[in-house]
Amino acid sequence: MHGCFDCGKPLEATKRDHLYGYDHGKKILLREVTFLACTCGYYEIEIPRMGPLHEAISQALSVLHAKRENLSFIFAPGDHGVRDGAWGVVVRGS
Ligand SMILES: [Zn+2]
């Protein structure tokens with residue numbers, strides 16, 4: 001893991017939910033993505049496999065007739081880590 005781009009200190013990684021700006025509509029909830037933060041205030045969010053994520057979101061929005069605020073997406077790493085992991089969709093009851 002690299003250090004902070006602002007001050008060079010090591011970043012602390014935590015998992016947290018993130019509202020992702022997928023398009024101009026309501027933001028999409030991503031569960032437990034890696035959040036890297038520095039004591040100076042710098043932070044970044046690691047979203048693995050953006051291509052498959054966008055496919056999963058567009059498929060869920062077109063196939064599942066659920067409100068997008070009831071959808072959330074969670075990444076499951078595969079056998080070889082994030083490289084072959086997959087995004088899954090969770091639909092909450094409305
Ligand atoms: Zn910093």
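**Close-up views of a predicted chain**

**View 1. A37 and its contacts.** Setting aside neighbours within four places in sequence, A37 is in contact with L11, E12 and Y43; here, contact means that the C-beta atoms of two residues, placed from the backbone, lie within 7 Å. A37 itself sits in strand β2. Strands (E, at least two residues) and helices (H or I, at least four) are DSSP runs numbered from the N terminus. Is A37 buried, exposed or partly exposed? A37 counts as partly exposed because it has 16 C-beta neighbours inside 10 Å. On this scale, a residue is buried if 20 or more other C-beta atoms lie within 10 Å of its own, exposed if 12 or fewer, and partly exposed in between, with C-beta atoms placed from the backbone.

A word on the model before moving on. This is a predicted model, in which local features need pLDDT of at least 70 and side-chain atom pairs count only at pLDDT 80 or more, while totals for chains, interfaces and linings use all residues. Residues are numbered from 1 along each chain as its sequence is written.

**View 2. Y20 in strand β1.** Strand β1 covers residues 12-20, and Y20 belongs to it. Y20 is partly exposed because 17 C-beta neighbours lie inside 10 Å. Not counting residues up to four places away in sequence, Y20 touches K27, I28 and L30. Take L30 as an example: Y20 and L30 are 10 residues apart in sequence, and their C-alpha atoms are 6.7 Å apart.

**View 3. The largest nonpolar core.** Seen here are the 7 residues of the largest nonpolar core: I28, L30, I57, A60, F73, F75 and W87. The elements giving two or more residues to this core are β2 (28-37), α1 (50-63) and β4 (71-78). A nonpolar core is a set of buried Ala, Val, Leu, Ile, Met, Phe, Trp, Tyr and Cys residues joined through C-beta atoms within 7 Å. Focus on I57, which contacts Y22, I28 and F73 once neighbours within four places in sequence are left aside.

**View 4. The whole chain, for orientation.** The chain has 1 helix and 5 strands, following the pattern β-β-β-α-β-β along the sequence. The C-alpha trace spans about 45 × 30 × 20 Å along its principal axes. Of the 94 residues in the chain, 7% are buried. Among contacts between residues at least 6 apart in sequence, 43% join residues at least 24 apart.
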